[in-house]
Amino acid sequence: MESEYIIKFKPIGTIYSPFKEPLGVPIQTSGAKGIEGSVEVFAEFLEGLKDIDGFSHIILIYYFHLSKKPSLLVTPFMDKHQHGIFATRAPARPNPIGFSVVNLEKVEGNLLLVKDIDIVNGTPLLDIKPCVPQFDFSKVTKTGWLENADKDIADVKDDGRFVE
């Protein structure tokens, strides 16, 4: 049954990084070790940052604004075979929402200075959540098709296949 909902999001800020385009961006934060960026939270949301500096890592939820039209079958960066979009982390999705766990280095007013960023410069920020190991991590026992991947995820960069 299809939903009757139309969902609209208003960005709460903008993410800044050294990556001017998707091509060459690490595909996950594990490949972005030490890469610095910043997150500008719009002034109207400044109060929501209270106490965020007590966390070493934060989860950035954002809009893949440069992704091409989605397909339900994709060939992900880590494989040569097609998989269902929901079995991948490909950015061209029915709802192009991404998330990254980044290292929060410092808070300066409405600016969050972060490391290990794998996001294109100028990406619209939808939400921020603190990363809490007791909430966010479970013992993972299976990783599907990735168990046979012949690449080290830290070495894989965006090759442009999911942008127009």
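Two strands count as paired if DSSP finds at least two bridges between them. The views below show a predicted model.

**View 1. Pairing of strand β8 with β3 and β1.** Strand β3 (residues 57–63) runs antiparallel to β8, and five bridges join the two. Within this pairing, Tyr62 lies opposite Leu125 of β8. Strand β1 (residues 13–16) is also antiparallel to β8 (residues 123–130), with three bridges between them. Here Gly13 has Leu125 as its bridge partner.

**View 2. The largest nonpolar core.** This core has 17 residues, and Ile58, Leu60, Leu112 and Ile128 have the most contacts inside it. At least two residues come from each of β2 (36–41), β3, β6 (97–108), β7 (111–115) and β8. Strand β3 gives the most, with three residues. In soluble globular proteins, nonpolar side chains tend to be buried together.

**View 3. Surroundings of Ile128.** Leaving out residues up to four places away in sequence, Ile128 touches Ile12, Val41, Leu49, Ile52, Ile58, Ile59, Leu60 and Leu112.

**View 4. Loop residues with positive phi.** Most residues other than glycine have a negative phi. Asp51, in the loop between β2 and β3, has a positive phi of about 75° although it is not a glycine. Asp116, in the loop between β7 and β8, also has a positive phi, near 70°. The relative accessible area of Asp116 is 11%; Asp116 is therefore buried, the cut-off being under 20%.

Key: Residues are numbered from 1 along each chain as its sequence is written. This is a predicted model: local features need pLDDT of at least 70, side-chain atom pairs count only at pLDDT 80 or more; totals for chains, interfaces and linings use all residues. Side-chain values use heavy atoms; hydrogens and water are left out. Helices (H or I, at least four residues) and strands (E, at least two) are DSSP runs, numbered from the N terminus. A nonpolar core is a set of buried Ala, Val, Leu, Ile, Met, Phe, Trp, Tyr and Cys residues joined through side-chain atoms within 4.5 Å. Buried means under 20% relative accessible area, exposed over 50%, partly exposed in between (1.4 Å probe, protein chains only). Contact means heavy atoms within 4.5 Å.
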